[in-house]
Amino acid sequence: MASIDEMMGQLADSTKRLTKSQFAGLSDLSSSDAMRFKELWLGLGAVRRRHLIAQLSSEAIANAQLNFDMVFTSCLSDPDEVVRVRAIEGLWECQEPGLIGILVSLLKKDSSVTVKKAAAKALGVFVLLAEWGKIRPRYKEQLQTSLLAVIKDDTLDSELRQRALESVSYLSHEEIIDIIKEAYQGTNKAMKISALRSMGRNSDSRWLDVLLKELSSSEPDLRVEAALACGELGDEKAVVNLMGRTEDEDSRVQLAAIKALGEIGGKRAVKALVELCKHTEPPIKKAAEEALREAQFVSDPMSSVI
């Protein structure tokens, strides 16, 4: 296998895309190779770095056997904000607690709001792990403190505060409940949408009545988020209301309702999805078929095991 210096020399040619062997060579880098990669990487032009990290991100999704976490982590300090954002997005499966401090630092100090938004979104994975007790309590405190500080600072970019709200909402603390309520009751529509999304992530049954109400909202965007949140909440009491939304005038709402039925499962949801599989509109039919598979798995996880 080529050395890291040889591989990086080949990558410097801006006229070429990465080959499969080069992809493999950048997977599971050792600490020493990662340090050398970082030195050589910064010698490439910004446009080339953007193209390469986009290719690596796509390949990581397409091939589960490849692990570019060391590469993406090395790129979190790249001088180009597009590369930093791509690096954060590339780490979507990484659950190493050591990444928390880096992402929190980007959230607080990065010069780019776009990078800060990506960091706020990425921290949601670790908030969920903290809520499940999969990482140490000190990380949970760090995550909560950092994200709440963003949410409470109304001088910050509105979308950044939305991403922070959505990430911290996995926590079951009463303070989080109050913040979701405040966001929902405010006049900012975008923040209200984030509040509905947060209700689903919060997994507290107290949100069900609000979500059922918003399924009948005059605003299609709110109906979409309410439907998706019902799916995350997983309460079968929402099934009848969701069935009604499968005939919504807005196709986005229809698809969101179908997806939610699949996530909730149960006999009534399965029956509705079976009927929707006969739909004449291909997008509806396809969504129903996918949701039906999900609903059947929810009902019997062993049903897909051969």
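**Figure 1. Lining of the second largest pocket in the predicted model.** Helix 11 gives the most to the lining of the second largest pocket, namely three residues. This structure is a predicted model. Helix 9 (137-152), helix 10 and helix 11 (174-185) each supply at least two residues of this lining. The residues that line the second largest pocket are I151, K152, R161, L165, I179, E182, A183, G186, T187, N188 and M191. Sorted by class, five of the lining residues are nonpolar, three are polar and three are charged. The space in the second largest pocket comes to about 220 Å³.

**Figure 2. Lining of the largest pocket.** The volume of the largest pocket is about 570 Å³. How many residues line the largest pocket? The lining has 26 residues, and A118, K121, A122, V125 and R201 lie nearest the centre of the pocket. Helix 8 provides the largest share of the lining, eight residues. At least two lining residues come from each of helix 6 (81-90), helix 7 (98-109), helix 8, helix 10 (158-168), helix 14 (220-233) and helix 16 (251-264). By class, the lining of the largest pocket has 13 nonpolar, three polar and 10 charged residues.

**Figure 3. The largest nonpolar core and the surroundings of I88.** A total of 102 residues make up the largest nonpolar core. Which residues have the most contacts inside this core? They are F37, W41, F68, I88, L103 and L242. Helix 8 (residues 113-131) gives the most to this core, with 10 residues. With neighbours within four places in sequence left aside, I88 is in contact with L76, L103, L106, V115, A118, A119 and A122. Among these contacts of I88, L103 is also listed with those that have the most contacts inside the core. A118 and A122, in contact with I88, are also among the residues nearest the centre of the largest pocket.

**Figure 4. Residue V113 of helix 8.** V113 lies in helix 8. Because its relative accessible area is 37%, V113 counts as partly exposed; the class takes in values between 20% and 50%. V113 and N67 are 46 residues apart along the chain. The C-alpha atoms of V113 and N67 are separated by 27 Å.

**Figure 5. Two loop residues with positive phi.** D28 is placed in the loop between helix 2 (20-25) and helix 3 (31-41). Phi of D28 is near 55°, which is a positive value in a residue other than glycine. Is D28 buried or exposed? D28 is exposed because its relative accessibility is 53%, and the exposed class begins over 50%. S203 is placed in the loop between helix 12 (189-202) and helix 13 (208-214). Phi of S203 is near 55°, again a positive value in a residue other than glycine. S203 has a relative accessible area of 52%, so S203 is exposed.

Figure 6. How many disulfides does the structure hold? The structure holds zero disulfides. C230 has a relative accessible area of 1%, so C230 is buried. C277 has a relative accessibility of 15% and therefore counts as buried. The buried class covers values under 20%.

Conventions
Residues are numbered from 1 along each chain as its sequence is written. This is a predicted model: local features need pLDDT of at least 70, side-chain atom pairs count only at pLDDT 80 or more; totals for chains, interfaces and linings use all residues. Side-chain values use heavy atoms; hydrogens and water are left out. Helices (H or I, at least four residues) and strands (E, at least two) are DSSP runs, numbered from the N terminus. Buried means under 20% relative accessible area, exposed over 50%, partly exposed in between (1.4 Å probe, protein chains only). A nonpolar core is a set of buried Ala, Val, Leu, Ile, Met, Phe, Trp, Tyr and Cys residues joined through side-chain atoms within 4.5 Å. Contact means heavy atoms within 4.5 Å. A disulfide is a pair of cysteine sulfur atoms within 2.5 Å. On a 1 Å grid over the protein atoms alone, a cavity is a set of points where a 1.4 Å probe fits but cannot get out, and a pocket is an open set with protein on both sides within 12 Å along at least five of seven lines; lining residues have an atom within 4 Å of a point. Grid points are joined across faces, edges and corners, and a volume is the space filled by probe spheres set on the points. Ala, Val, Leu, Ile, Met, Phe, Trp, Tyr, Cys and Pro count as nonpolar, Asp, Glu, Lys and Arg as charged, and the others, Gly among them, as polar.
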